Amino acid sequence: MITCEEAAIICNKAQYREATLWESIKLRIHLLICKVCASYAKKNAKLTTLCQKASLRGFSEDEKMKIKDRLRNS
């Protein structure tokens, strides 16, 4: 059986479809037994869904440079 720490890592990987089949199986078994991790997985999935709906994006390199220049010149 995996630890809660390992379950959290696999849960995060699974959110981005980076977990292997074996990792996913181990995670599902762990989530059946550990209600704390099951709650974490549910909240993690909800957060991912909300971020996708919000269409969040990071700054471009050009935008980052402009912000840095403004901060230096302030």
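K13 and E23 form a salt bridge, with their closest N and O atoms 2.8 Å apart. A salt bridge here is a side-chain nitrogen of Lys or Arg within 4 Å of a carboxyl oxygen of Asp or Glu, and the count by this rule comes to four. The model is predicted, so local features need pLDDT of at least 70 and side-chain atom pairs count only at pLDDT 80 or more, while totals for chains, interfaces and linings use all residues. Residues are numbered from 1 along each chain as its sequence is written, and side-chain values use heavy atoms, leaving out hydrogens and water.

**The pair between two helices**

- K13 forms its salt bridge with E23; K13 lies in helix α1 (residues 4–15) and E23 in helix α2, so the pair ties together parts that are ten residues apart in sequence.
- Helices are DSSP runs (H or I, at least four residues), numbered from the N terminus.
- K13 is partly exposed, at 26% relative accessible area, whereas E23 counts as buried at 16%.
- Buried means under 20% relative accessible area, exposed means over 50%, and partly exposed lies in between (1.4 Å probe, protein chains only).

**Pairs within helix α4**

- E61 and K64 meet through their side chains in a salt bridge, at 3.3 Å from N to O.
- These two residues, E61 and K64, are three residues apart in helix α4 (residues 61–72), a separation of about one helical turn.
- E61 is exposed, with 56% relative accessible area, and K64 is partly exposed, with 35%.
- D69 forms a salt bridge with R72, where the closest N and O atoms are 3.2 Å apart.
- D69 and R72 also both lie in helix α4, three residues apart, which is about one turn of the helix.
- D69 is partly exposed at 36% relative accessible area, and R72 is exposed at 57%.

**The nonpolar patch**

- M1, L21, W22, I25, I29, L32 and I33 form a nonpolar patch on the surface, with about 860 Å² of accessible area together.
- Patches are made of residues with over 30% relative accessible area and no salt bridge; like charges are joined within 9 Å, and nonpolar side chains (Val, Leu, Ile, Met, Phe, Trp, Tyr) within 5 Å.
- Accessible areas come from the Shrake-Rupley method with a 1.4 Å probe, and for residues only the protein chains shown count as cover.
- I33, one of the patch residues, is found in helix α2 (residues 21–33) and counts as exposed at 51% relative accessibility.
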